[in-house]
Amino acid sequence: MSPPPPTPKRDVVWVDGLRGIASVLVVTAHICRSLFPFLVSPAMSDKLPPTLFQLPFFRCLVMGRPSVAVFAIVTGYVNSLGPLKKSRAGNADAALAGIARSAFRRFGRFMIPAMVITVISWLACQFGAFRVAHVADSAWIRDTSPRPSTSFAAAFYDLYKNLWATWTDGGNSYDKIQWTLIYLLMGSMTTYLSLFALIYVKPRWRMLILAGVFCYKWKAKDALVGTNIFCGIILADVSIDPDIARMVSGHPYIQAISSASFIIMGLFCCSYPEEHPEWTRWSRNMLQFGHWIFPGGAEYARFYPGLGADLLATGVMFNPTAKKILSHRFLCWMGKLSWPVYLVHGTLIRTVLTWVLFGASVRPPQGKDQNGDQMPPGWLPVAKPWVVMFAIPLFYVFLYRVAGLWAQHVDPWCTRVTQQFEDLVFRDDAKVEKPLLLS
């Protein structure tokens with residue numbers, strides 16, 4: 001089999017657009033959890049009809065779990081695409097060298113930025129920036145806003161404990177949304193380990209083995225990361241296979257219909273509600289269908305978004321129109337900022353957005369209890385609807401401005417620190433990359 005031609009730039013850029021949409025939907029999901037928690041269910045109750053964003057497809061705009069699955073797919077796809085190209089070009093040794101460097105750098109590029117935002121959130125906590133969040137009428141905001149430490153020494157111990165917990169059990173109380181990072185990091189390492197084991201395997205056999213591992217992860221109920229990581233690796237291998245490319249291009253109508261069907265089915269699967277699927281007919285049917293396709297004891301609220309993201313990514317990869325849309329420069333710009341947006345949005349929601357939406361409110365009195373004692377006042381109510389309507393779009397503008405500054409100043413510093421440590425510990429003959437046949 002002859003080496004495949006270099007992949008056109010547009011065939012890869014769409015991944016940035018997909019990642020950009022996923023990141024903004026994570027932010028939207030957390031805002032909705034803060035202000036409209038009923039949206040996680042498919043209806044207002046088992047007796048009341050659903051609102052617009054509780055309906056299938058529309059609810060994808062306010063759900064965060066499909067985005068986590070997309071991040072895992074993108075991780076597997078992006079981390080494996082380069083090594084697989086080099087392997088198919090007969091340059092497997094260079095691929096292995098690249099895998100070693102990438103695996104080493106991945107720790108620094110994950111851990112250092114996460115540590116920086118944790119320290120920032122820790123400082124905000126200690127100086128009382130979460131004071132409004134502690135009494136806001138939002139369970140999600142209150143639950144994710146820790147209280148200051150009891151002493152100066154305790155503050156530094158709490159910081160150490162949470163920095164460590166991020167990479168052991170995901171329990172960072174200063175930034176609880178970092179629970180996903182340990183799984184995505186393990187997914188990256190799984191990708192590199194799989195590539196290391198399969199880099200010399202013939203492409204057809206490699207794809208067959210990867211499909212077998214995907215089935216194993218499915219049976220093992222690893223729907224959070226495992227199935228999605230291997231879906232990304234498989235898609236990367238398929239995307240650069242010339243035989244598959246010729247077969248697909250030779251049947252344009254089948255390609256268009258099947259890829260669109262995958263996208264639609266993927267979005268429908270991503271619509272599966274996190275709570276109370278028995279309240280509506282469509283989600284109840286999905287619940288029953290899940291008994292047939294998912295392993296026993298599986299968490300359907302994880303499996304369905306993962307399956308939906310896999311179908312969606314597969315459909316997009318074979319749909320030129322979808323790839324062109326996702327390659328739009330605005331979506332790609334959002335994709336470039338997806339990592340900073342993910343890191344900073346939680347702290348900004350619990351501070352800036354909470355100050356705007358709850359800070360001007362007054363805690364209502366609760367009256368007296370049965371013993372005649374005065375009860376503590378109630379939670380701070382959210383601002384009036386017109387304030388919310390204007391504040392949330394402005395918050396997105398502010399969020400992406402902060403993310404841009406992070407990408408401009410913090411990310412380069414983290415990269416330099418990682419590079420300096422790499423230069424310190426790597427052997428001299430491993431620091432200079434050999435010329436590669438394919439970039």
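Q: What makes up the contacts in the chain between residues at least 6 apart in sequence?
A: Taking contact to mean heavy atoms within 4.5 Å, 76% of these pairs join residues at least 24 apart. Do keep in mind that this is a predicted model, where local features need pLDDT of at least 70, side-chain atom pairs count only at pLDDT 80 or more, and totals for chains, interfaces and linings use all residues. Residues are numbered from 1 along each chain as its sequence is written, and side-chain values use heavy atoms, leaving out hydrogens and water.

Q: How many helices and strands does the chain have, and why is the chain called as compact as a globular protein of its length?
A: There are 18 helices and 0 strands, counted as DSSP runs numbered from the N terminus (helices: H or I, at least four residues; strands: E, at least two). The radius of gyration, taken over C-alpha atoms, is set against the globule rule of 2.2 Å times the number of residues to the power 0.38. For 439 residues the rule gives 22 Å and the chain has 24 Å, which is close, so the chain is as compact as a globular protein of that length.

Q: Why is S149 called buried?
A: Buried means under 20% relative accessible area, exposed over 50%, and partly exposed in between (1.4 Å probe, protein chains only). S149 has 16%, so it counts as buried. Its place is the loop between α5 (139-143) and α6 (152-165), and it touches Q126, A154, A155, D158 and Y174, leaving aside residues up to four places away in sequence.

Q: What makes the phi of F57 worth a look?
A: Most residues other than glycine have a negative phi. F57 is not a glycine, yet its phi is positive, about 75°. It lies in the loop between α1 (10-35) and α2 (65-88), and at 39% relative accessibility F57 counts as partly exposed.

Q: Why is H276 called partly exposed?
A: Its relative accessible area is 31%, so H276 is partly exposed. H276 sits in the loop between α11 (252-270) and α12 (281-293), and has a positive phi of about 55° although it is not a glycine.
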